[in-house]
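Subject: Structure handover

Hello,

The structure I am passing on to you is below. My notes on what was found in it follow directly after.

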Amino acid sequence: MDQSLPISGSSSQSSTNSDDIRHELAAPSYISSANSTPPPTFSDLDRWRYHIDFQKFSSDLQAAANAVFPNDTKSRYTKVSVLMLSWENEDPNLPVSQEIDKLYDVFKNQYRYETDRWTIPDENCHYKLTEKIMDYVKPAEDSKTHLKIVYYAGHARLTETRLLVWTSVRNYTKPKCPIVKWGGIQTILEEATNDVLILLDCCASGTANASEGNGVNELISACAFNETANGVGPFSFTSALVTELRLLGNRPSFSVGELYKKIFFRTQCRMPEELYADGTERERHPAPIHLVLTQGGPVPRSILLPAKVGPQRSIYPSSWQPPVSNSSMSGPMVNQDSTSAAGTSNTGDPESDMSQVLMYQRGPRLLFAIRMRDTFQPGEDMVELFAEWMRCMPTIADEVNVEASFDSYSTIVIISLPVSVAAYLPQDPSIISLGPI
């Protein structure tokens with residue numbers, strides 16, 4: 001997170017100032033116009049010649065859906081450990097310890113995970129953290145059933161070579177700011193025999209490169225590689241993570257893809273109301289990023305977090321029942337009491353009511369363009385053909401929409417998928433992401 005940014009707390013004034021500064025910092029680097037947008041790169045043009053078979057895409061999509069929505073909802077993990085990292089010398093303008101306390105409480109007391117907080121020292125920081133991580137993921141007999149979670153909150157930036165480093169608060173009495181090179185830490189985690197979930201609440205955190213490894217490594221980061229993360233406050237990544245973990249605590253288990261979908265929806269459902277200092281409209285808060293770094297096998301598999309490790313207390317009354325799903329929608333809707341007027345809170349707690357809305361209504365989606373090798377006869381309704389094809393995939397049939405199709409030199413199909421599934425699709429140049437809708 002950017003050291004120069006003020007605290008983003010509950011005060012609207014502090015949030016406004018923080019957004020103004022972020023806008024001023026980001027404008028020269030990231031905002032483009034019609035006159036400055038570059039033409040397609042050679043890589044973009046090269047992708048135009050790649051195609052994928054109907055059957056191959058079908059099987060890949062089914063495998064991705066099975067990873068997020070497995071038939072067996074029982075988690076494979078009998079033990080879960082959490083390592084929560086932050087700097088020993090905390091920046092007073094970025095008091096991440098306030099949110100770490102809340103997340104620690106959820107992991108430790110609600111989920112009953114083995115949770116450890118460790119602060120990174122300024123002296124020999126990279127060496128000491130490397131030692132800590134290597135000891136944390138040291139191979140053991142129960143590695144396959146022991147999930148490891150690594151969480152970091154604090155400052156981060158990209159180097160001149162576009163590598164991610166974690167940084168301590170700047171100490172002007174020393175010639176160099178203490179840094180930890182994330183690439184070295186990531187390599188250790190990829191080589192672990194455990195499955196590892198990585199949670200990064202820092203700037204430029206969505207820059208990790210996928211690689212080979214022994215287990216499943218998944219990353220949820222606060223923002224993309226060219227973004228500034230929200231500061232501490234109600235709209236931070238960690239704040240959304242804490243809320244969604246609490247809401248998911250009554251399930252037997254849930255996939256990382258599902259967790260990401262809910263964090264994405266919560267962080268993106270609010271549009272800032274104020275204007276920037278120069279009078280332009282504000283953009284949405286940075287969107288979190290979900291990456292599958294390693295799979296450890298030929299078939300995609302998502303980490304299923306168990307919500308019941310050890311004694312578990314319910315966060316809902318025993319009489320509470322989830323709303324009934326509306327069959328006409330791909331996602332459940334909020335069940336409204338017939339005696340309640342529209343827009344009236346049933347609980348009297350607006351935050352609680354909003355949480356239930358976010359929990360049960362349809363989540364965000366990503367749009368993809370797929371270049372198919374298959375051809376169609378003139379007059380065939382390609383949209384209907386694709387819709388019929390999707391109905392043969394019961395796991396995800398209701399979650400996939402065919403938005404458009406074109407039969408020319410290449411058959412191009414535009415489909416939308418839940419954000420929870422997108423990360424598990426294989427990397428293929430014929431599948432092009434068009435962004436969220």
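A residue is called buried if its relative accessible area is under 20%, exposed if over 50%, and partly exposed in between, with a 1.4 Å probe and protein chains only. This is a predicted model, in which local features need pLDDT of at least 70 and side-chain atom pairs count only at pLDDT 80 or more, while totals for chains, interfaces and linings use all residues. Residues are numbered from 1 along each chain as its sequence is written, and side-chain values use heavy atoms, with hydrogens and water left out.

Overall picture

The protein has 437 residues, and 48% of them are buried. It contains 11 helices and 15 strands; these are DSSP runs numbered from the N terminus, helices being H or I with at least four residues and strands being E with at least two. The accessible surface is about 21900 Å², and carbon and sulfur atoms account for 52% of that; areas come from the Shrake-Rupley method with a 1.4 Å probe, and for residues only the protein chains shown count as cover. Of the contacts (heavy atoms within 4.5 Å) between residues at least 6 apart in sequence, 72% join residues at least 24 apart.

Six strands make an open sheet in the order 2-1-3-7-8-10, and the pairing is mixed. Two strands pair if DSSP finds at least two bridges between them. At the edges are strand 2 and strand 10, each pairing on one side only. From one strand to the next the twist averages 15 degrees; axes are lines fitted to C-alpha atoms, for helices over the stretch in contact, and angles run from 0 to 180 degrees between N-to-C directions.

Strand 1 and strand 2 are joined by 7 bridges in the parallel sense. Within this pair, leucine 83 has aspartate 116 in strand 2 as its bridge partner. Helix 5 (residues 125-136) packs on the sheet, where it touches strand 1, strand 2 and strand 3 (146-153), and its direction makes about 175 degrees with that of strand 1.

Further along the sheet is strand 8 (residues 217-221), which is largely enclosed by the rest of the structure because 5 of its 5 residues are buried. Both of its faces are covered, with Asn217, Leu219 and Ser221 on one side and Glu218 and Ile220 on the other. Strand 8 pairs with strand 7 (residues 196-201) in the parallel sense over 5 bridges, and with strand 10 (residues 289-294) in the antiparallel sense over 5 bridges.

Strand 13 pairs with strand 14 (residues 411-418) over 6 bridges in the antiparallel sense, and alanine 404 stands opposite isoleucine 414 in strand 14.

Salt bridges

How many salt bridges does a search of the whole structure find? It finds 10, where a salt bridge is a side-chain nitrogen of Lys or Arg within 4 Å of a carboxyl oxygen of Asp or Glu.

One of them joins glutamate 114 to lysine 79, with the closest N and O atoms 3.6 Å apart. This pair links distant parts of the chain, 35 residues apart: glutamate 114 lies in strand 2 (residues 114-120) and lysine 79 in strand 1 (residues 79-87). Glutamate 114 is partly exposed at 45% relative accessibility, and lysine 79 is partly exposed at 32%.

Another is between lysine 138 and aspartate 135, the closest N and O atoms being 3.6 Å apart. Lysine 138 has 51% relative accessibility and so counts as exposed.

Arginine 251 and glutamate 258 also form a salt bridge, again with 3.6 Å between the closest N and O atoms. Arginine 251 is partly exposed at 27%, whereas glutamate 258 is buried at 7%. Arg251, Glu258 and Lys261 are linked in a network of salt bridges.

Regards
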